[in-house]
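Open the model in your viewer and keep the sequence panel beside it. The stops below say what to select next and what is there.

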Amino acid sequence: MANAPDTPAAPAPTLWNSLVKPAVVLVLICAIVGFLLGSVDNLTLPTITANREARAWATYNALIPEATDFEALSCDVPGVTALMEADDDLGYAVIAQSKGYSSQVPMAVAFDDEGTIANVIGMDNTETPGLGTKVQLPDFTDQFLGRAAEPLTIDDIDAVTGATISSKAALAAVNEAIEAYRSAAGEAPAAAATSTEKGAA
């Protein structure tokens, strides 16, 4: 019986095929994906920025509906993300936030021209649903209305039952807004309020 012809041996892989080529292909793929992602970011960033600004202006207008324009003021109070002066001496709109149980708790506060808290809006947060999120509701925010722009303690308000940490964060944000207002209005910094509360979580 005749022997089968020998099968030619497969050529040994070259350095290019085994190492360099896959690396080059991977780099090219990463570069293309990075370029595409960057292009998408560049395309969507103006829309995202515009939407964020629109939401902010909607908040200012909700705080002081009589105002037709607002001027942004500089502010170095920790936690304050916006300090706006309304036209026609209608007051100030301030947005501030403080760390709660699981997220930042932002509050929007309006002060009239006499230094009284005229409006408070609890902005969206991701605190515990049904507990910490209740600091957004009028049942909580309305208790600040009509108060002078003086620091408050947890003793001065009714905290949300079962959400003391979130309530304290909302209160801290309001106090930051008060500090920002006093600075903008040229008033002396107020002394920190002292709480008599003990052992609250």
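Helices (H or I, at least four residues) and strands (E, at least two residues) are DSSP runs, numbered from the N terminus. The model is a predicted one, in which local features need pLDDT of at least 70 and side-chain atom pairs count only at pLDDT 80 or more, while totals for chains, interfaces and linings use all residues. Residues are numbered from 1 along each chain as its sequence is written, and side-chain values use heavy atoms, with hydrogens and water left out.

**Whole chain**

Start with a cartoon view coloured by secondary structure. Three helices and five strands make up the list of elements, and their order along the sequence is α-β-β-β-β-β-α-α. Of the 201 residues, 31% are buried. Here buried means under 20% relative accessible area, exposed means over 50%, and partly exposed lies in between (1.4 Å probe, protein chains only). A contact means heavy atoms within 4.5 Å. Among contacts between residues at least 6 apart in sequence, 51% join residues at least 24 apart.

**The loop between β2 and β3**

Select D88 and D89. D88 lies in the loop between β2 and β3, and D89 is in the loop between β2 and β3 as well. The phi of D88 is positive, near 55 degrees, in a residue other than glycine. D89 is not a glycine either, yet has a positive phi of about 55 degrees. Are these side chains buried or exposed? D88 counts as exposed because its relative accessible area is 65%. D89 is exposed too, at 59% relative accessibility.

Two strands pair if DSSP finds at least two bridges between them. β3 and β4 run antiparallel and are joined by eight bridges; four residues separate them in their hairpin. β4 and β5 also pair in the antiparallel sense, over five bridges. Their hairpin has five residues between the strands, and G115 there takes a positive phi near 80 degrees.

Now follow V109. Its bridge partner on one side is V94, and in β5 V109 is partnered by V120. How many of the eight residues of β4 are buried? Seven are, so the strand is mostly covered by the definition of buried as under 20% relative accessible area.

**The nonpolar cores**

A nonpolar core is a set of buried Ala, Val, Leu, Ile, Met, Phe, Trp, Tyr and Cys residues joined through side-chain atoms within 4.5 Å. The largest one here has 30 residues, and M107, F111, I117, F140 and F144 have the most contacts inside it. Elements giving two or more residues to this core are β2 (80-86), β3 (92-99), β4 (104-111), β5 (117-122) and α3 (164-184). The largest share, nine residues, comes from α3.

Show everything in contact with F111. Leaving out residues up to four places away in sequence, F111 touches residues including Y92, V94, I117, A177, I178 and Y181. A second, separate core of twelve residues includes L63, A67, A82 and M84. In soluble globular proteins, nonpolar side chains tend to be buried together.

**Helix α2**

Select T141, which lies in helix α2 (residues 138-141). T141 counts as buried because its relative accessibility is 3%. Residues up to four places away in sequence aside, T141 touches M107, V120, I121, G122, V135 and Q136.

**The largest pocket**

Finish at the largest pocket. On a 1 Å grid over the protein atoms alone, a pocket is an open set of points with protein on both sides within 12 Å along at least five of seven lines, for a 1.4 Å probe, and lining residues have an atom within 4 Å of a point. Grid points are joined across faces, edges and corners, and a volume is the space filled by probe spheres set on the points. The volume of this pocket is about 350 Å³. Which residues lie nearest its centre? They are R55, A56, T59, I95 and M123, out of 13 lining residues. α1 (15-63), β2 and β3 each give two or more residues to the lining, with the largest share, six residues, coming from α1.
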